[in-house]
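Subject: Structure handover

Hello,

Here is the structure you are taking over. My notes on it follow below.

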Amino acid sequence: MIITRRLAAGACALLAALAGGVVPAQAADGPSKDSPKVELVLDVSGSMRARDIDGQSRMAAAQQAFNEVIDATPESVRLGIRTLGSRYPGDDKAVGCKDSTQEYPVGRLDRTEAKTRVATLRPTGWTPIGYALRGADQDLGEDGGTRRIVLITDGEDSCGQPDPCDVARELAAKGTHLTIDTLGLAHDDKTREQLTCIAEATGGTYTTVRHTKELSGRIKQLVRRSETPVDDTPKPTKGADACSAAPEIGAGVWTDRETFGEHRWYKVKVKPGQELRAAASVGADRPVDRDYGILVRAVGDGGQELVRGSDAGNGRTDVMSSGLRYPVSKGKKDAKDDARTVCLEVSHSFSAPASVKRDPGLPVELAVDLVKSPDKPSDMAAFGLGRGWVLLAVLVGTGLVAGLLWGWLARWRVAIWRAN
């Protein structure tokens, strides 16, 4: 009886130790190794002093937005913060173009500490975006969980090497399913073009930001999006040679093979209020000619082009990537919420000498994500710039205005000639 009681007491003590020691220790560890990881990469270069966002400087607007984002970050997300251009104020380009620092490590979020780090930032130096992206990729590691970088900047890379678009393609080619979303505080064409290129290379999004509330809301949305990851286990599929015969695919990572000069089609159902994001990568697993490119198109039911993404290069490469995004707006309350069929076309312009084997085709990886569409999309892509009907409307309007002006000038010249 005594032995039995001792065994029972020992078992209770063991259970108590496990309950009081092991369980709290696990709780103290915070998010698990498979929880999503997000790193915010903030431009702290000298140009962030400009005061054009709601009457305050770009830096102040970013700091305010970061504080709100830190407060709203879910416990399950491992968040980190990296800056570029925050330390070196001098003119030495070699030093300034390596000025990127991890301000807060990716992991369990101490909100007070993270806010303190952000509050001390002051606009300082250069804009080494490519260098910072490589650093952010290393910060995120590869220990499980989805990986997302959110880049906030007010200008294009001021260093040139490494080129940010090349870095984005390089990171996409690593196969770690990293997504880079970009937010632009400046509205010039060069910045927009570069940030769009970075985002599309990894299947991310680009957004132009004009207000503090808009910046905060967009970053919160991207951080929350990391909690609903795409299944990153590649699934085989076989695209068709026409939209009508294309296989239906959903969110996830899909693999296929595409021979030289071939076009492959896939169908995706997109519900009202969703945004389709797709990124395609074609690998050069054999000797190819030096000039190459990739095209990804989204086409509607009637065959009209909705949006496209493309990239091209020359020289030696292992992988070429491009992507697109297409939001479907919500209909009226009494309208049917039927999903819209969108066909994705993936093609490439790789070529090779006649001695190179054609079969099997080059490996294709297609990453598809369906997420909530922005309530108030601020960048032109979300409104359909680049879709056929928009371009047609612009051309017709431009031609009409030009014709009226030309006719008016001709009549004016004739009137002057008659008068003289």
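Strand β7 and strand β8 (residues 252-258) pair in the parallel sense, over two bridges; strands pair here if DSSP finds at least two bridges between them. Trp254 in β8 is the bridge partner of Lys235. Helices (H or I, at least four residues) and strands (E, at least two) are DSSP runs, numbered from the N terminus.

This is a predicted model: local features need pLDDT of at least 70, side-chain atom pairs count only at pLDDT 80 or more, and totals for chains, interfaces and linings use all residues. Residues are numbered from 1 along each chain as its sequence is written, and side-chain values use heavy atoms, with hydrogens and water left out.

β7 and β8 belong to an open sheet of five strands, in the order β7-β8-β15-β10-β13, with mixed pairing. Its edge strands, each pairing on one side only, are β7 (235-236) and β13 (319-327).

Next, strand β1 (residues 37-43). Seven of its seven residues are buried, so β1 is largely enclosed by the rest of the structure. Buried means under 20% relative accessible area, exposed over 50%, and partly exposed in between (1.4 Å probe, protein chains only). In a regular strand the side chains alternate between the two faces of the sheet. Both faces of β1 are covered, with Lys37, Glu39, Val41 and Asp43 buried on one side and Val38, Leu40 and Leu42 on the other.

β1 runs parallel to β4 (residues 147-153), joined by six bridges, and Lys37 has Arg147 as its bridge partner there. Seven bridges join β1 to β2 (residues 78-84), also in parallel. From β1 the chain crosses through helix α2 (residues 58-72) to β2 in a right-handed β-α-β crossover (with the strands pointing away from the viewer, the path from the first strand over the helix to the second runs clockwise).

Now the cores. A nonpolar core is a set of buried Ala, Val, Leu, Ile, Met, Phe, Trp, Tyr and Cys residues joined through side-chain atoms within 4.5 Å. The largest has 31 residues, of which Leu344, Phe350, Leu366 and Val368 touch the most other members. Strands that each supply at least two residues of this core include β9 (263-270), β10 (274-283) and β15 (362-372). A second, separate core of 30 residues includes Val44, Ala65, Leu79 and Leu183.

Finally, helix α9 (residues 388-419) contains Ile416, which counts as partly exposed at 39% relative accessibility.

Regards
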